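User: I have a structure open and want to learn how to read its features one by one. Can you take me through them?

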Amino acid sequence: MIEARHLRVLRTVAATGSFSAAGRELGCTQPAVSQQMKALEASVGTPLLVRTGREMRLTQAGEALVRHAAGILAGLTAAEEEVAAIAGLRAGRVRLVSFPSGSSTLVPTALAALRAAHPGTRVSLEESEPPQSVDKLRAGDCDVALAFRYEGAAGAEEWDDLVVRPLLTDRLVALVPERHRLARSRSVAIGELDGESWIAGCPRCRGQLIEVCAGAGFTPRIDFATDDYPAVVGLVGAGLGVAVLPQLAIESVRPRGARAVTLEPAVRREIVALTLPDLAQVPAVRATLDQLARAAAR
């Protein structure tokens, strides 16, 4: 019989590359990790790890087991949380991963409402942009991922294996210095910003910017790139260039020295909350999804 604790140790060994590093990650000794791996290998009847110098390498069987471990552990977590909630032992826990502008706008409202309704629910928050946040969800390292994708972008099937809770549609706006020639315009076409110095955002947003500009017949000259939205706003406000940001990001930052202008034609991104099918049945996860949806509707 394969035990869940052995699977968790195997995943950690695979991620860290050694028994000693896995022990530090798990808060136990190197011999304890070694013993659990021997017990797991005895259970499955084949070697799972091969020592290569100071590191451990997975055998083919080990790779297969690690590949299935995330789904197995997610299913076990779902079972544990649902049983605990039904039995009234605890309200549960939720590990939430969100991109920065979601963390500063939707998440605070949602988590405050969740805590008021379910004081026993414990929620942790980590920031990560998609697709890394989605990878964390599939790996079993979080329970809910707040993510986004741009309308019309390739890869619409990338979330087909997940439960998708639509939250809102977020429109992009142009951000220009207050003294810019287009600062008083009601709207701006992306082509009117050809030849400007650009400040670009996260890698996915940067790719979208290049694609939109290409559709208008030019390539943006990106002089600055940062994942930090306040930094983007600060650089624009200092007159160092222009940018295109989601409306949600503008709401989370006071754009001093910069002015937001409606971008035409409209470019939108879909904001969603994602979870695994098994986890969607966990009461605490379901409640978190509900509160995120309510926060987005306000």
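Analyst: Start with a term. Helices here are DSSP runs of H or I with at least four residues, numbered from the N terminus. This is a predicted model. With that numbering, α4 gives the most to the lining of the largest pocket, with 8 residues.

User: How much space lies in the largest pocket?

Analyst: About 510 Å³. A total of 21 residues line this largest pocket. Closest to its centre are Arg11, Leu73, Ala139, Gly140 and Asp141.

User: Which elements each supply at least two residues of that lining?

Analyst: They are α1 (4-16), α4 (60-87) and β3 (93-98). By class, the lining of the largest pocket has 8 nonpolar, 3 polar and 10 charged residues.

User: Now the cavities. How many of 30 Å³ or more does the structure hold?

Analyst: A cavity is a space where the probe fits but cannot get out, whereas a pocket is open. The structure holds 1 cavity of 30 Å³ or more. About 150 Å³ of space lies in the largest cavity.

User: Which residues lie nearest the centre of the largest cavity?

Analyst: Leu172, Cys205, Leu209, Val244 and Leu245, out of 19 lining residues. Two or more residues of the lining come from each of β8 (197-200), α7 (203-215) and β10 (243-246). The largest share, 5 residues, comes from α7.

User: What is the make-up of the largest cavity's lining by class?

Analyst: The count is 16 nonpolar, 2 polar and 1 charged.

User: Next, helix packing. At what angle do α2 and α3 pack?

Analyst: Angles of 65 to 115 degrees count as roughly perpendicular. Helix α2 (residues 19-26) and helix α3 (residues 30-44) pack at about 105°. The two helices are therefore roughly perpendicular to each other. Their axes are 8 Å apart.

User: Which residues meet there?

Analyst: From α2, Phe19, Ser20, Ala22 and Gly23. They meet Gln30, Val33, Ser34 and Met37 of α3. By class, this contact has 4 nonpolar, 4 polar and no charged residues.

User: How many aromatic pairs does a search of the whole structure find?

Analyst: The search finds 2. Take the one between Phe99 and Phe148. Planes over 60 degrees apart count as edge-to-face. The planes of Phe99 and Phe148 are at 80°, so the pair is edge-to-face, with ring centres 5.1 Å apart.

User: Where in the chain do these two residues sit?

Analyst: Phe99 is in the loop between β3 and α5 (100-117), and Phe148 is in strand β5 (residues 144-150). They are 49 residues apart, and the pair links distant parts of the chain.

User: Last, the backbone. Which peptide bond is cis with omega near 10°?

Analyst: The one from Pro130 to Pro131. Pro131 lies in the loop between β4 (122-127) and α6 (132-138).

User: What is omega for the cis bond that joins Glu264 and Pro265?

Analyst: There, omega is about -5°. Pro265 is in the loop between β11 (258-264) and β12 (268-275).

Terms used
Residues are numbered from 1 along each chain as its sequence is written. This is a predicted model: local features need pLDDT of at least 70, side-chain atom pairs count only at pLDDT 80 or more; totals for chains, interfaces and linings use all residues. Side-chain values use heavy atoms; hydrogens and water are left out. Axes are lines fitted to C-alpha atoms, for helices over the stretch in contact, and angles run from 0 to 180 degrees between N-to-C directions. Angles under 35 degrees count as roughly parallel, over 145 as roughly antiparallel, 65 to 115 as roughly perpendicular and the rest as oblique. Contact means heavy atoms within 4.5 Å. Ala, Val, Leu, Ile, Met, Phe, Trp, Tyr, Cys and Pro count as nonpolar, Asp, Glu, Lys and Arg as charged, and the others, Gly among them, as polar. On a 1 Å grid over the protein atoms alone, a cavity is a set of points where a 1.4 Å probe fits but cannot get out, and a pocket is an open set with protein on both sides within 12 Å along at least five of seven lines; lining residues have an atom within 4 Å of a point. Grid points are joined across faces, edges and corners, and a volume is the space filled by probe spheres set on the points. Rings of Phe, Tyr and Trp (its six-membered ring) pair if their centres lie within 6.5 Å; planes under 30 degrees apart count as stacked, over 60 as edge-to-face and the rest as tilted.
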